[in-house]
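Thanks for making time for this. Let me put the model on the screen, and then I will walk through a few of its features.

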Amino acid sequence: MQTVYYIVLVPMVYVAFAVFFLGTAIRIVKILREPKNPSTLQIFPEKQPNWLYALSDTFFFPTVRRHKPVLWVFLMTFHVALLFLIIGHVELFQEFKIFQIIPHEVFLGKGFVGLILAITLLFFLFRRFKSPTKELSVPEDYFLLILLFLIVIFGSQMDWARRWYEYGELTVEDYQVYLNSLLYLKPELPYNVTFTGHSFMLVLHVFFANLFLMFFPFSQLMHSFLALPMNKLRRG
Amino acid sequence: MDNKMRDELLNLFRSKINRAMRYYLETCTRCGVCTEACHVYNSMGQTKYIAAYRHEIVRRLYKKYFKARGKIWPGFGEAKGLSDMTLEELFDAAYSCTGCRRCMVFCPFGIDTQMLMSIAKLMLIGANAEPEILTMLADTSIEKGKSLELFKESFLTGIKNLESEVVEKWKIEAGETAIPVDVEDADLLYVALAGAHSIIPAAVVFNAAREKWTLSFFEAVNFGAFVGDPTRTKLIMDRIIAEAKRLKVKEVCICECGTAYRVMKQLSGKQPFKVSSITEVQAGYIREGRIKLDKTKFTDTITYHDPCQIARNGGVIDEPRYILDNLTDNFRDLTPEPKYNWCCGGGGGLVALGDETLDFRMKSARVKVDQVKATEAKILATACENCHTQLSNLNDHYKMDVAVRFLSSMVADALLPQ
């Protein structure tokens, strides 16, 4: 079992990140090398400055707010929570003063960010069971939502255990040792990371996250990078 | 379908892929925000008319043939091979979409359904499965461009016959021509449609504004764009560009035809002339005091239907309203606002297909009828030939009890002597 743990926590992580970074970069370069559309794809009336409106469209989804306000609340909550979680993971490497403007313990949000994220993912998933979104959905849509849900549940569980149930065997310091060893290419698995009661949670969390990263460049998740240039096209 | 045909069709698909198309093919999350965007879906309620559903018909082919994933794990994204049945689906999706781009306003990423449907339309041409009449009409336009001399005499005779009707509405000075044709160094080249209704009122207003204008030999309509054939679209457009350059005009003014205006405005590239719609030109005349309108001419409530290709997709939104402000005190705009205006249901070549599509056009544009009815207007003005035909058909079918009018002809009717 320890071999499986090792494979998931070390070589698979490297492979996943390599696929993610290289895959995303290659795909973006490939797309950008395609010729531009010969005519404008703008929608009118025009609002100036159009780049500012394109940014607003990308980060605040005003069209969703207007047409599907409930979905918009969940979408905004999901994306903001996701941002908090990314910050939380960065802080698992080391402390950054800029993130401590509002002093907090790692992770941000006392465990609630993960909970909120899990709820929004369930909402996204269940709305796909209903017509007509059901007819529009393809297996990929369910797969990615379920995958994200699993990542969030196993990841958050570790946070909840520490925060809410005073579970102290697997600490932030343990994660920092593990993650920094990966970062500096001297992989090290502290005893607590692989031999405590919650180690399997970490392994499952990392395993699903690895899968997610490897799917990223080849899926609709590329919208993270393409949404801005697309909205710029619409805004002119 | 044999392999050779499949390869040819996939080459056509490949020829349509550019940066924007990749964005549109890669990004859709099938969130369903576009569900209520399409007038066809809203009128008929069938899922196949939701924009994202239409996209997927094209996108499944993309996943199958242009992404490794489609070969390794086709089921993951429902990648699907190209077959005769797919062609039927492509036809259904492409020729029930009017290219109004209302869904593009809804989509959080701004995916352009018209662009994706242009892949479907081009593949249908490759498979000889497109509506033949559209290709034939496009070819006739191209032929006319090639052998103008053959058509010239009959065209000039036809125009001469219209001149008396123009003079009847607006007197011109002795020695002037009511409908000038082939005038070198004219300021403005007017590109009309085949039909007196597109020429007479425009000529009346040009003469009233003392415009130095000339009428194009060619009709504005671009059947190449309707059928989704980039080569034919360009050939039809190039006839007009060549004529404008030969006559050294400063401005090319496109008649009330949405597709013709958008093609010329957005596809003609950098040219020594500017491209305007007749609505913009007439609004300019009013603004400059070159023509004055009689506000008592039309007493009934007027509403205005924004042609999608001119307003949402072309940016001519304020000008018709400026004209209407000068034409009446009784203007009632449609709700929702122009960006969200419902398509009339006649675009994308559907009106040009005539009775063949009439039943679908009537069923699919019910929301348009409701939108117009809500204004309680008695005159429904518009600035596009296709919209005019479709709105007239809707008027008859749904007994809307409105007079469907071209905005430019209303301007001509309300001219005040200077």
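In what order do the three strands of the open sheet in chain B stand, and is the pairing parallel or antiparallel? The order is β6-β7-β8 in chain B, and the pairing is parallel. Please keep in mind throughout that this is a predicted model. At the edges of the sheet stand β6 (302-305) and β8 (403-406) of chain B, and because each has a single partner strand, one side of each is left without a neighbour in the sheet. From one strand to the next, the twist averages 30°. If we look at one pairing in detail, strand β7 of chain B, residues 379-382, is joined to β8(B) by four bridges, with the two strands running parallel, and B:Leu380 is found opposite B:Val404 of β8(B).

Let me turn to the backbone.

B:Arg101, although not a glycine, has a positive phi of about 65°, and it lies in the loop between α6 (84-94) and α7 (102-106) of chain B. Is that residue buried or exposed? B:Arg101 is buried, because 25 other C-beta atoms lie within 10 Å, where the cut-off for buried is 20 or more. B:Lys248 is also not a glycine and has a positive phi, of about 55°, in the loop between α13 (230-247) and β3 (251-254) of chain B. B:Lys248, however, counts as partly exposed, because it has 13 C-beta neighbours inside 10 Å.

As for cis peptide bonds, one joins A:Phe44 and A:Pro45, with omega about 5°, and A:Pro45 sits in the loop between α2 (11-33) and α3 (50-60) of chain A. Another joins B:Thr335 and B:Pro336, with omega about 0°, and B:Pro336 belongs to the loop between α16 (318-327) and α17 (358-364) of chain B.

Finally, the two chains together. Here 41 residues of chain B are in contact with 39 residues of chain A. On the chain B side, the elements that give two or more residues are α2 (19-27), α4 (51-66), α7 and α14 (258-267) of chain B, and the largest share, six residues, comes from α2(B). By class, that side of chain B has 18 nonpolar, 12 polar and 11 charged residues.

Technical notes: Residues are numbered from 1 along each chain as its sequence is written. Chains are lettered from A and ligands numbered from 1 in the order in which they are written. This is a predicted model: local features need pLDDT of at least 70, side-chain atom pairs count only at pLDDT 80 or more; totals for chains, interfaces and linings use all residues. A residue is buried if 20 or more other C-beta atoms lie within 10 Å of its own, exposed if 12 or fewer, and partly exposed in between; C-beta atoms are placed from the backbone. Two residues are in contact if their C-beta atoms, placed from the backbone, lie within 7 Å. Ala, Val, Leu, Ile, Met, Phe, Trp, Tyr, Cys and Pro count as nonpolar, Asp, Glu, Lys and Arg as charged, and the others, Gly among them, as polar. Two strands pair if DSSP finds at least two bridges between them. Axes are lines fitted to C-alpha atoms, for helices over the stretch in contact, and angles run from 0 to 180 degrees between N-to-C directions.
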